[in-house]
Structure formats: C-alpha cells, structure tokens
Amino acid sequence: MDFWQPNPNAEPFIPKRELNKNIKSQFRAKLFKNRFINRIFQAVLVIILMITITLNMVFIFDTSQRLHGELSNRVGSSYVNQGDSDHPENLLDEITPSSLSIEVLSSQSRVTVTIDGATILEDGEKGEGRGIHVVVLNQATGSVMSQRLFDTYSLQEDEAMSLFLNMISDGRIIIFAIKDEGTFQLKGAARSLLTRLGSRHAQGLSWRDMWAMVTEKGGKVYGESYSKSVTFSSWGASVILRVQVPLVPIERSNCQWPDTEETQRRLQFCNRIEGYGSVCSCDEPASLTFSPEPVENNKVYEVPVIVIASNRPHYLYRSLRSLLSARGANKDMITVFIDGYFEEPLEVTKLLGLRGIQHTPIGYKNSRISQHYKASFSAVFNMFSNAHYAIVVEEDLDVSEDFFSFFSQTIELLEKDPSIYCISAWNDLGYEETSSDVYELMRVETMPGLGWVLSRKLYKNELEPKWPTPEKMWDWDMWMRMSEIRKDRECIVPEISRTFHFGSFGINMNSYFQDKYFKSHSFNTQPRVIFHNVERVMKDNYEELIHNMIKNATVLNESQSPCNENFLSNYSEERNSKVVVNMIFILFIKMADSKDFDTWLQTAKCLKIWDLDARGYHKAMWRLRIKNNELLVIGYPFSPYSIYKPENIKPLNLHLQNSREVTENT
C-alpha cells in the first residue's frame, strides 16, 4: 500500500447507491411523460369515436324514421321508373319487388309452395294432407291471405272448395296443388269452376293425377302443370310449376269505403285475410253491425256466452254472425276462446267486434278438447265473477232466432228444480221425421251439449275439481254423462232444436258423419215461440205428464215395427178428409237392464236417427213425434213405465229377429 499511486486517467469513483438513484429518477420522469402523452392521445381517440358513433346513430335513426313513415303511408309492391326515385313517396316501391317468383310442387307424398325462395307451404307428413291445397295471395303485397286443404277424395269436400273459391275476391292470386289423390269426389260443378278459373286440365283430372296451377281470380292464368297416372296402382309423376307473377299497385287492390270504426275493422281484416265473400266487397260490403230485436224480460241478457273455437275460422264466422243476429243477443257478453295461437280465428273475432282469448293447448286430440273446455269455463267464471250461469256454444253451430229467448224462458228451472243438470238447445233425437212441435219440452238423462247452459254452482263445486286430467283421452261430454257425475239429474231439451250443427270436419267429424247424423236434424225457424207452462218439465210435474200420456195411448204390437215401411201409416190415413194427428202411441221394446240397448239401436237405425249409442231417453223411454203423432218407446222390463204393458203385448225384440233372419238365411 505504501507504493500505490493514483491514476490520473481513471474516472472518478461514484458510489453505487447514488448512481441507482439518479437512473431511476430519470426513468420515472421519462415514463411519466410518455404516459401523460398516451392518455391525451387515447382521450382524443375516444372523443373522435364517440362523435362518429353519434353521427352514425343520428343518420340511422333518421333513415329509419323516413322508411317507417313511408311504410305507414304506402303498402305496395311494384317498382317505379328510376326517374321517379327522387320522390320520397316512391321509396317503398324502390325496395320491393314488382313481381313474385312462385314455385309449386305437386306429388304423391309432398306439396310445397315457395315464393321468392321462401317456403310458405310444405306438407310432407305421411298419411296427411291428401287432396287439393289452395293458397291465396294478395295481388299487391304478395302476402299469404289464406291457406286451405280440401280432401276431395272424400264426400262434399269439392262443394266446400267451390264455396271457398266463390268467396274469394277478384284479383287475388290463387295457387292450387294436389297431394296424393284429389279427384275421386271432384264432381262436375267443382271441375267447371276450376275451368272458369282458367284450368285447361280440370275436366280431365283423374285418379292419382298430379296437378298444379297459379291463376288470378277473374284474370289470367300464370301457369298450369299436369301429370297423368299411368296405371290405377300408380301416381302421376311429380309436377313442378315455376311462374313469375306481376304485382299491382296498392291503390288498385283497395276499396274506397267510408271512414268509420267498422271500416277500420274491415280494412284490417281484408288487407290480410281472404275467403269471406261480401265482407270485403268494394261495392256492397256485408254489414258488420248487428241490431237484433230485444227479448222481453230477457233473463239471459247479462249471462256470459262462451264460444268454443279452434282453427276453423270460416265456421267461426258463420256461427258468430248467427249468434249476433239472434233476438236478445248482447255482444258485450260474448267471448271467443281459441284453442291455440291461430291468427285467422282471432282476426274473425276482431272483425265482428268481439272479445277473443287464445291459450296454449294442453293435451292431445280428445284430451286437448277437454282441457280447452275446462280452461274456457274457468276463465269465463273468473272474468264474470257475478255470473251464476254461462251459455256454451261451439264454432260449428247455427243458432235459431229464438235461441236466447228459449234460454230466457227456461233458465229459472235450474234454480227451481235441483234435479235438473243442464238446459240444452239440442235434441239428440230431433230429426225432421221425428220432431215437429216447437212448443214441446222434454227431460233426458243424457247431456246433449251443442248449445247449453252451465251453472257456476255445478261447475265450481262439482265439475272443475274432478275434471279429467290431460293424460286422460276422454270426451268431456261423455264424462259429464257418467252416472257418478250426473247423479240422476236430467237436462231439459226442446223437441225441435234451437241449434244446428253444420261442421263437416274436425277431430271427431267428417263429411260422411255430418251428412248421416246431423244434416237432417230439425231446426226451429219461428222467431217468437212462447212456452206456456214451462214448469211442467219439473220433476214431479213431468212424471204426472208421462203417466197421463201412457194411460191415454194406443199400444202397438210387435208386428208394427218401426223398420216396416208402412209404420203408423194405418193411423195417418185421411179419414173424412182429415189427417189423424195428435194421437199417442206406445211401442214396448226389449230392454233387460240399463245397458241393454240392442233393440233400441236397431229401432233408431230403422228410423234413420242417432244409432251409435243410446241417447235422449228418460227412464228407459224415448219420446218421438212421427207424422204429427207422439210415439213413446218404452224399454221392457227395465223401464218403470213397463207396468203399463198389456199382458197380450210382446215387446219388440229386433235383436232376436235379426238373429233368426241370419239363422234362416244360413
């Protein structure tokens, strides 16, 4: 160390800690400066971005408002010349097509209709959709106004199709397509109508041919395609029809109706729905205002009316017009309950200014119907909390002009007589050949339905808590007829019905069934029927009435069977220029117990009345009026009225006779 000499060229010594402090200070200063600059830059960018977004939103909103205004003022679908594009009123025309590209497929297992690439109808379900599919389009907007399927393989469907086509307004675009088979019951009148609509093949369409057509009602045919079935066991080749259909300006499709509240309802309906005839007529539109005559001392004016509906809008329209036209109708008390979210039935309800309620379906087929009834009953008694009764009708019923008058005169019986289950406007046995007295009332053990009065007390205390649950595939009316539910109570019915069942399709209905069991029902057409002595159908009074009738009756022997063509003719011949009427006859038939209906069902079959099950009886006795004479058919020995059978009279046993005939023939 004594020899150490400092180096004059060496850098001065700096302590390490002091060096670190200086470097960190310099780094922090630079970092702070950079962060400050970055933040300023980011803030500027955010401001610019917000300004840009705001400007874009203002532009979009302004454009949207202008488009919405044009859409509200104009609903058309035709192009205009480019020279007119500067005018704002033509904005919608510039963005909508001037024509529609329509493609239709007709085949054994599938029908489709495609418009501008969008499929509006597709039916490929196996075993479903047989017949002629019909689609109706608006000629100005191209929107679908109606879709229908007519199973023209079955009876009377061609008549229904013809009626529908005749109800379509001129100018509408109509699309036809066959799936599977559509000609077996396509009779001459329907073929002629299709020919008038422009078809070249309608007259020649035959078994399992395929066919498609696009036409304008009252105008030109845009295209038609046809494929013939080569053999009886085969189908025609699939048909694909492609056409281009021009659209017309909106003003050419609108009517010039006066500006009223009724017109607003009509416009809303007619711009979207088709197939209702004069409702949408430009010249003489059907009135949507109803002014029925009042019913004196109307006891049901404030009683709610339940209309049970599904997706049969044309039925609903007919039924509601009938209901609103009946004397004593109160539209404020009518509610239409629709089983499902179907647009057209609701639009029909609104068209007629009525209240419509849709609900989510529960269950399947008969179970679904049953739950629909329950939901409707519960809803109406909740809506009208002070109502003691409700009148129930279905969408496929016409009602007589005295429908409400009938209930007004009879409804108090429900309070006076606890043995009365319901009051119905329908007589199961009231056919044209078995009823004729509009003033007659009867008691029956089977609940008829088809236009009836339900009491709140019965529903809330007994029916609602026990109503069949969704998993039970029961008919609600059959359930109500069960002895443990009915509890020996009876319903009051008129001899001549105050409702008429016209529906020919549904879950439990087809055209054959309608034609055989409902078409020939009698229906009252007298507007003012006053029932004298309504109390005579009360329990004790009615028994006295029946006993008196039996005591004064003429008893028929077993040889005088209703199956004979000359049944009762000996008693209806002219004597002294007068026809014998108002006689009472008794026919005793075999009926061993409460379930032995064999002879009765054969008797009903011979009389051409309801013969699928036993209905309309009172203590095993059926009341009919044949050739203006009353006929009492008494089941022997089960009926308590069997005590009146003379010893020399044998009860008619058609079941035994049929067995003998079979034995003799073999």
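Residues 24 or more positions apart account for 70% of the contacts in the chain with a separation of 6 or more, where contact means heavy atoms within 4.5 Å. The model is predicted: local features need pLDDT of at least 70, side-chain atom pairs count only at pLDDT 80 or more, and totals for chains, interfaces and linings use all residues. Residues are numbered from 1 along each chain as its sequence is written, and side-chain values use heavy atoms, with hydrogens and water left out.

The chain has 666 residues, and 49% of them count as buried. Buried means under 20% relative accessible area, exposed means over 50%, and partly exposed lies in between (1.4 Å probe, protein chains only). The chain holds 17 helices and 25 strands. Helices (H or I, at least four residues) and strands (E, at least two) are DSSP runs, numbered from the N terminus.

Five strands make up an open sheet. Their order is E5-E4-E6-E7-E8, with antiparallel pairing. Two strands pair if DSSP finds at least two bridges between them. Strand E5 (144-150) and strand E8 (221-227) stand at the edges. Each has a single partner strand, so one side of each is left without a neighbour in the sheet. From one strand to the next, the twist averages 10°; axes are lines fitted to C-alpha atoms, and angles run from 0 to 180 degrees between N-to-C directions. Within this sheet, strand E6 (residues 173-179) and strand E7 (residues 210-216) pair in the antiparallel sense over five bridges. Phe176 has Met213 in E7 as its bridge partner.

Arg191 is found in helix H4 (residues 188-196). The backbone oxygen of Ala202 lies 2.8 Å from a polar atom of the Arg191 side chain. For the backbone oxygen of Leu205, the distance to a polar atom of that side chain is 2.8 Å. Not counting residues up to four places away in sequence, Arg191 touches Thr183, Leu186, Ala202, Gln203, Gly204 and Leu205.

Leu631 lies in strand E25 (residues 629-637). Leu631 is buried, with a relative accessible area of 0%. Beyond four places in sequence, residues touched by Leu631 include Leu556, Phe567, Phe585 and Trp622. Leu631 and Leu568 are 63 residues apart in sequence and 9.8 Å apart in space, C-alpha to C-alpha.

Key
Polar contact = N/O pair within 3.5 Å; in protein donor to acceptor, adjacent residues only side chain to side chain.
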